[in-house]
Amino acid sequence: MHFRKPYWLTSKAKVKVVGILLHECRMPLEAKNVHFQMAITGIQQTSLFHVMHAFCSTLVVVGAQKPVDCVLNTQSWNATLRRYVREGNYEATLRVYNCYRMQMQEDVSTFPIMFKACGALGALEEGMAIHACVVAHGFELNANVANTLLVMYTKCSRMEIARQLFDKMPIRDAASWTSMIAGYGRTGNLSEAITLFHEMQTARLKADVITWTAIISAYARNDCPADALNTFRQMRVKPNAVTLVVVLASCADLAALRQGMQIHGYVIKNGFESCLVVENVVIDLYAKCRKMEDANQVFVEMSERDVVSWNAIIGCYALTGQNVQAMNLFQQLQSTNINPNIITWSTVIAGHAQHGNSNEALNLFRDMQLAGVKPVSITIATVLPSCAHLGALHHGKEIHGYVVKSHLESNLTVGNALIDMYTKCGSVEYARRVFEKMVHRDVISWNAIIGGYRMHGHGEEALRLFDDMRRQGVRPDHITIIAVLSACSHSGLVDEGWRHFEQMTKDYGVLPCVQHYACMVDILGRAGHLDEAHQFIKMMPLKPNSSVWGALLGACRIYGNITLAECAAQHLYDLEPETTANYILLSNIYAASGRWEEAQKVRKLMKDRGLNKKPGCAWIKLKNRIYSFVVGDTSLPRLHEIYAILDSLARKLKEEGYVPDTNFALHDVDEEEKEQILYGHSEKLAIAFGLMNTCPGTTIQITKNLRVCGDCHIAIKLISKVAGRKIIVRDTSRFHHFENGLCSCGDYW
Ligand code: ZN
Ligand code: ZN
């Protein structure tokens with residue numbers, strides 16, 4: 001302890017200094033020889049005052065220039081310890097105990113206090129040392145000492161020691177039984193908790209409300225909410241607030257609205273309505289049962305609300321996608337004197353992020369920082385997917401900067417979210433850097449980086465990383481296998497694909513799901529083994545879904561197999577009659593082989609079913625502003641310049657031998673007009689705009705809401721060559737990295 005400046009004391013301060021000496025120096029006897037010419041600057045005075053308060057009656061302050069003398073006895077010592085326990089300051093309890101134990105003699109009241117503190121702290125070693133004192137003093141058989149000792153061991157999860165003590169106890173009261181039942185419940189040994197509960201009833205011990213609550217909690221904690229509810233019904237004593245909280249939480253978990261409402265009725269009838277914790281769980285119950293009106297009514301009628309109540313109601317609105325209500329309440333909360341502690345912010349941000357309002361999520365994240373609330377790892381992990389969704393690399397990097405500054409880099413969830421953000425924002429290199437720097441990696445980290453390389457068309461690197469993962473002893477899960485199979489597919493590795501598919505169950509215990517089958521169909525289809533792929537689907541033990549048939553249809557487009565395409569499309573119409581992409585793909589396949597009539601028929605079928613093709617839209621971000629481009633939009637900024645660029649590109653592309661592939665336009669118009677329409681495809685407009693507004697050599701990155709069409713793909717490859725630019729296009733299924741006339745997808749997407 002350091003005293004900063006000399007200070008002559010007032011009589012009040014004398015008392016404080018004595019406290020400092022006794023308490024903080026942990027040298028009570030030496031303190032006698034310390035003079036008063038000391039300052040108390042920079043010392044936590046509040047905590048000291050409590051000690052002083054307890055000691056005051058026995059303390060003799062001799063005078064300003066003389067040494068302190070004080071009289072301590074076990075009684076005042078116990079009083080101090082008890083006071084700290086009551087305040088929940090268990091560390092201080094242990095400190096004061098250890099500080100005086102050489103000079104003081106424990107009595108029968110000291111031990112229960114100490115076991116309570118050790119139990120709360122999970123301080124097993126200290127607790128065991130004090131247990132040894134109990135044995136030495138011969139207090140082992142004292143009922144209060146024995147019961148608190150039992151609780152201490154159960155709280156430290158040492159049920160085997162607790163059980164030995166329990167079995168040896170000559171007299172067991174309801175408290176001993178209850179501690180054991182609660183202990184077993186807490187440590188996941190539900191069957192032992194139930195056995196003891198029944199034994200206790202056979203022993204004709206009066207079960208009181210605490211015992212009933214213990215067994216109900218044991219059920220609830222061990223994922224048996226239905227049993228918790230049943231036991232509550234059998235309860236033969238009046239429940240207390242804790243019982244009601246536990247059982248209402250079980251109803252919420254089960255979404256058992258009817259039972260929950262009955263208990264809510266009981267709450268109202270028996271005057272528990274004014275109990276804040278009970279009301280907070282009632283809100284949660286209604287919210288989990290999607291009864292937002294009822295939840296809101298309870299909230300509105302509450303006489304007092306704390307931050308938990310606000311969190312509960314805002315969280316419900318946010319997570320059910322009712323973001324307007326969530327935001328309104330959030331603004332109301334900000335006008336109260338309750339601090340939205342970090343959780344409310346995170347909940348509202350998560351609500352927006354999960355419902356695709358990525359911009360709003362990012363804005364709130366910024367507001368939160370402006371409000372001086374420091375984001376924690378969970379907030380970061382919540383907001384990064386919004387950057388990923390928007391492809392907002394710039395924001396993502398900003399948040400990464402914050403992560404580094406706040407030393408959150410070593411947090412696993414944050415690291416995983418960063419990898420995911422970087423791969424989805426087009427920068428697999430940055431993702432790799434984050435991955436390499438991670439101190440700990442779990443299967444999610446590996447999945448993110450392997451999936452990232454796959455999505456960017458680097459199948460071989462994905463497979464190499466998969467080998468590393470296995471060498472490092474990380475067990476792949478079903479998501480890893482999907483990434484690995486897709487990587488094989490993109491790299492045309494049929495045999496390797498088969499090998500992984502056959503080994504997944506044997507080597508990693510992963511049972512193939514329909515997604516794995518879809519990957520295999522994709523592998524076979526891409527390699528041109530269309531009949532084999534079809535046979536494979538027929539042999540599947542699971543019902544093929546749209547991904548499976550979609551993979552086959554995609555392969556049929558490449559190899560122009562109309563018969564199989566018709567078969568696959570028929571299945572797709574049945575499975576997802578409203579997905580226009582399937583109609584368009586089949587229509588394109590017909591058109592590609594010159595069967596215009598059939599192509600038109602499919603288009604008509606689509607129209608008859610009232611389906612419209614989703615308009616293509618592409619967007620590009622320049623200097624923090626997002627510009628979006630829709631086909632045929634004549635209100636675009638600097639439209640003439642865009643077309644001038646497209647015209648000059650068209651001339652250069654023709655010199656490179658490019659012939660527009662008009663099949664993709666599929667309009668019943670003449671060839672020249674078709675060509676015009678193709679120039680208008682949204683991604684080309686966005687690229688032209690990007691070329692106009694960036695310096696030569698800058699990479700152009702755009703995002704597209706549909707799969708990039710075949711013609712645009714050929715055109716963009718050539719644009720990358722003639723303009724000397726790297727162009728990255730993120731479409732609905734993957735990233736295309738165009739450079740010097742080639743694309744990373746190898747023309748298969
Ligand atoms: Zn296109
Ligand atoms: Zn591509």
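The largest nonpolar core has 188 residues, and among them I313, I314, I380, I399 and L552 touch the most other members. A nonpolar core here is a set of buried Ala, Val, Leu, Ile, Met, Phe, Trp, Tyr and Cys residues joined through side-chain atoms within 4.5 Å, where buried means under 20% relative accessible area (1.4 Å probe, protein chains only). Helix α15 (residues 276-288) gives the most to this core, with 8 residues; helices are DSSP runs of H or I with at least four residues, strands are runs of E with at least two, and both are numbered from the N terminus.

Before going further, please note that this is a predicted model, in which local features need pLDDT of at least 70, side-chain atom pairs count only at pLDDT 80 or more, and totals for chains, interfaces and linings use all residues. Residues are numbered from 1 along each chain as its sequence is written, chains are lettered from A and ligands numbered from 1 in the order in which they are written, and side-chain values use heavy atoms, with hydrogens and water left out.

Let us return to I313. Leaving aside neighbours within four places in sequence, I313 is in contact (heavy atoms within 4.5 Å) with I283, M292, A295, N296, F299 and L329. Another core lies apart from the largest one; it has 33 residues, including A686, I700, C709 and I716.

Now for the aromatic rings. A search of the whole structure finds 16 aromatic pairs, that is, rings of Phe, Tyr and Trp (its six-membered ring) with centres within 6.5 Å; planes under 30 degrees apart count as stacked, over 60 as edge-to-face and the rest as tilted. One of them joins F466 and Y508 edge-to-face, with 6.3 Å centre to centre and 80° between the planes. F466 belongs to helix α26 (residues 459-471) and Y508 to helix α28 (residues 494-508), 42 residues apart. Both F466 and Y508 are buried. Ring pairs link W498, F501, Y517 and F536 into a cluster.

Finally, look at the zinc ion (ligand 2). H713 (NE2), H736 (ND1), C743 (SG) and C745 (SG) coordinate the zinc ion at 2.0 to 2.3 Å. H713 sits in helix α38 (residues 710-722) and C743 in strand β8 (residues 742-743), 30 residues apart. H713 and C743 are both buried.

Methods:
Donors = N, O, S within 2.8 Å, 3.2 Å for Na, K, Ca; no water. Buried < 20%, exposed > 50% of the residue type's maximum accessible area, 1.4 Å probe, protein only.
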